[in-house]
Amino acid sequence: MRTIKDTKEIKELFLHNFNGARSELKFKNLYELIVCVMLSAQCTDKRVNLITPALFEAYPDVVSLANANLSSLKLFINSCSFFNNKAANLIKMAKSVVENFDGQIPLNEKDLTSLAGVGQKTAHVVLIEHNEANLMAVDTHVFRVSHRLGLSKAKTPEATEIDLTKAFKTELNTLHQAMVLFGRYTCKAVKPKCDECFLAKLCKSKTIS
């Protein structure tokens, strides 16, 4: 694990280089946000952004999604990974919102994770993006970056989230977005751009060529 000094420097550099960082998902409201985040699991934001315009035209709100025909919904999202499961979960999620939350998507972690297809990471991303909540969410990019930088040695995303939360403590919402974008465009899984990296001097990774 990193020293307090190193961790502070890493945090400051992320905040400086990704000031005001936001998700690349395109959405207009909380309903669209949760749908986008659910679709983005193991799928690129770029692909989700191609799918959602027609999807939201057909199902503009949680009530219309709750009443969606499963086969028809699948046609709108069939270019997305795991579209069969996602379609089923989207309808179940919407039905639960209508039946249990008066049609209002809840904005607390306990209620969000009670919805079909919404795990801790999805709930945190929704709360980060909508409420600017001081939370960390660990996707494949954040997991990779945190391990390459020596901020965590945890084996799971959940345990990595705990490590990052303890290390950074504040401004977690911006740091989450920063690490996602950094992992997506600079600290990539294959051929990371080390020559362009503002954290190169602090990198602990032995896998980067």
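A polar contact is a pair of N or O atoms within 3.5 Å. The legends below describe close-up views of a predicted model.

**View 1. Polar contact between E32 and the backbone of K28.** A polar atom of the E32 side chain lies 2.8 Å from the backbone nitrogen of K28. E32 itself belongs to helix α2, which spans residues 30–40.

View 2. Residues up to four places away in sequence aside, E32 touches F27 and F56.

**View 3. E32 and P192.** These two residues are 160 positions apart along the chain, and 32 Å separates their C-alpha atoms.

**View 4. The largest nonpolar core, with 41 residues****.** The members that touch the most other members are I34, V35, L65, L90, M93 and L112. At least two residues of this core come from each of α2, α3 (45–58), α4 (62–66), α5 (70–77), α6 (83–100) and α8 (120–131). Helix α2 provides the largest share, nine residues. In soluble globular proteins, nonpolar side chains tend to be buried together.

**View 5. Contacts of V35.** When neighbours within four places in sequence are left aside, V35 is in contact with L55, F56, L65, L90 and M93. F56 is also one of the residues touched by E32.

How values were computed:
Residues numbered from 1 in each chain as written. Predicted model: local features only at pLDDT ≥ 70, side-chain atom pairs only at ≥ 80, totals over all residues. Heavy atoms only, no water. Helix = DSSP H or I, 4+ residues; strand = E, 2+ residues; numbered from the N terminus. Contact = heavy atoms within 4.5 Å. Polar contact = N/O pair within 3.5 Å; in protein donor to acceptor, adjacent residues only side chain to side chain. Core = buried A, V, L, I, M, F, W, Y, C linked by side-chain atoms within 4.5 Å. Buried < 20%, exposed > 50% of the residue type's maximum accessible area, 1.4 Å probe, protein only.
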